[in-house]
Amino acid sequence: MDEHEHPHVATVGSYVVIFLILVALTVLTVFTALSPLGHWHAPVALGIAVVKATLVFLFFMHLLHSPKLTWLVAGGTFVWLGIMFALTLADYWSRGIVGRYQ
Amino acid sequence: MSTVAYSPPKAEPIPVAGDYGPETRVDYINCAWGVRSWLLTVDHKRIALLYLFAITAMFFLGGAFAVLIRIELLTPKSDLFEPDTYNRMFTMHGIVMTFFFLIPGVPSVLGNFLLPIMLGAKDLAFPKLNLASWYIYILGCLLTLAGIIWGGIDTGWTFYTPYSTRSAHTSVMPVAVGVLVLGFSSILTALNFIVTTHTMRAPGLTWFKLPLFVWSSYATSLVVMLGTPVITTTLVLVAVERFAGVGIFDPKAGGDPVLFQHLFWFYSHPAVYIMILPAMGVISELVTAFSRKTIFGYQFVAFASMAIAVFGFLVWGHHMFVSGQSPYASTIFSLISYVVAIPSAVKVFNWTATLYKGSISWATPMLYAIGFIGLFTIGGLTGLVLASPPVDVHVTDTYFVVAHFHYVMVGGTIMAYMGGLHYWWPKMTGRMYPEGWAKAAALLVFFGFNLTFFPQFLVGYAGMNRRYASYVDEFQVLNVLSTAGASILGFGFLLPFGYFGWSLRYAKAAGPNPWGATGLEWTTESPPPPHNFEVTPTVTLPPYEYATHN
Ligand SMILES: [Cu+2]
């Protein structure tokens, strides 16, 4: 039913463009992996990955033209992913301060 | 428009056999014959029965392991099994019971059968996906059974690393893959329930007119959808480490074993709510039907389910107080664990308030419901004891913990499952069960259960460790009591197996509404026609309107 309420149809051309961007970003990931970035390796690689994932969600998974409920579902999963990271890191990041104030 | 207004039915005398003879009317059971018609069915009611068979088989397998454990623990020495064999016994008991019975139990049997009917729908939103979920469940069972036969598994049901990835020489992978496959079955069922609840409610059936069983099934489905992918991923990571040697959890290869515990419990604490929330939904139906009153504080009970679903995801670290987790994180997890007790307590108080001044009848389902309220309360309150880090450090990995979660899982989930099965048995089969036998079985289960697990609180608090085949002599009396209770409990579970089978052929016909209960499922025939209703029902009243016709 929702498809009829949102009659937007992605063209083959737009898929090809997104695909080429993804390929380019993959090449960029390999390139940065071989560059002397020091501490910045992980943030840069993860940043590129986030951009790629966002493109996949928005276009290949049709989120861009989906109803609000679909956005809620997608957003909810990220909130839960955030819970998993935040509370797990709450453990790792607070281990160092044990005993510091004794 | 050929719709009928929904009004609460009156209690009516139970008709004698023949009044609703199966040969006079087409229902979902007699509409097609043969193995093919069952194995290729897309009818949610038939799929519920397929699940009932599979889950009952797994329940008795898990029970058999429990029997062997209790026999071994009759004596302080490990004389029946080698310690290695004993490790396999409790691991396989835990894995089979948790993943193959408790998690799918209420949703895939009672939920599958009832959810569409309670919504006034013809079926679930995706009937073929529903059948696929059963086949995936069977595939998961077969993989796990292969692992059990082919060497067994001794990691404990928790698969803790680095033992599971590095040291265990048992069939960890077939069992882990079986559990992983099972996750997809849960996800498909949950997806089906969510979409069906959103899109297929009968005319007039607004969210706040939904039966509370639907609310709790919906909340459970959300937990399944959000949590299960994490255990799936975690088991894949275990496989990657075991086969490819990538250091994820193994400290020798640069990994962190505590990370496994975070990921595992991120799913497995919410999984406790996957097991108990649908059971709570069953109890809401039973308590109202057998005290002939509307539920006290409908919206509180409904929102309590949602609150449990959300807060259940924030407390997993209470399983990790002795893991090396930072004490600051432990404090946070401990505090949130206390908070999650509030919605559970709301439910217990509201059920109790529902009983107040009700006209209570002591049919078998009500015995199970009352048993649930008492036992779940003990299980829940001892959970608070364990959520306190200073106490938990003392009783971690003792029988106190074992007793606590069996009060929640057996005293809670299984009592509700049995109560629900008796309550809806007439709807599912068209036949009444024998009330006298059923009451006897319910009492045996209740007393057998308490005799099994109450001594374990005592022996655990005194320091008896779980997961050992031997123990010091002082603990023998309590262990003998526990084993004696387990044999009563086991007999109590075998009885329904016999009389349910008997009832299919010899019991009197039930009629559409043997309990005089409200709810759409009681407005249709027993067993229901293939598409549940002859005409689509229209709902005008809130649920549990017993007052209007008492
Ligand atoms: Cu927990």
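By buried I mean under 20% relative accessible area, by exposed over 50%, and by partly exposed anything in between, calculated with a 1.4 Å probe on protein chains only. What you see is a predicted model, in which local features need pLDDT of at least 70 and side-chain atom pairs count only at pLDDT 80 or more, while totals for chains, interfaces and linings use all residues. Residues are numbered from 1 along each chain as its sequence is written, chains are lettered from A and ligands numbered from 1 in the order in which they are written, and side-chain values use heavy atoms, with hydrogens and water left out.

My topic today is salt bridges, meaning a side-chain nitrogen of Lys or Arg within 4 Å of a carboxyl oxygen of Asp or Glu. Over all chains, the structure holds 4 of these salt bridges.

Let me start with B:Arg25, whose side chain meets that of B:Glu525 at 3.7 Å, N to O. The two sit 500 residues apart, with B:Arg25 in the loop between β1 (4-5) and α1 (35-39) of chain B and B:Glu525 in the loop between α15 (476-506) and β2 (537-538) of chain B; helices (H or I, at least four residues) and strands (E, at least two) are DSSP runs, numbered from the N terminus. B:Arg25 is buried at 18% relative accessible area, whereas B:Glu525, at 24%, counts as partly exposed.

Next, B:Arg466 forms a salt bridge with B:Asp397, with 3.8 Å between the closest N and O atoms. Here B:Arg466 is buried, at 14%, and B:Asp397 is partly exposed, at 38%.

Finally, B:Lys45 and B:Asp43 form a salt bridge at 3.1 Å, N to O, and both residues are buried.
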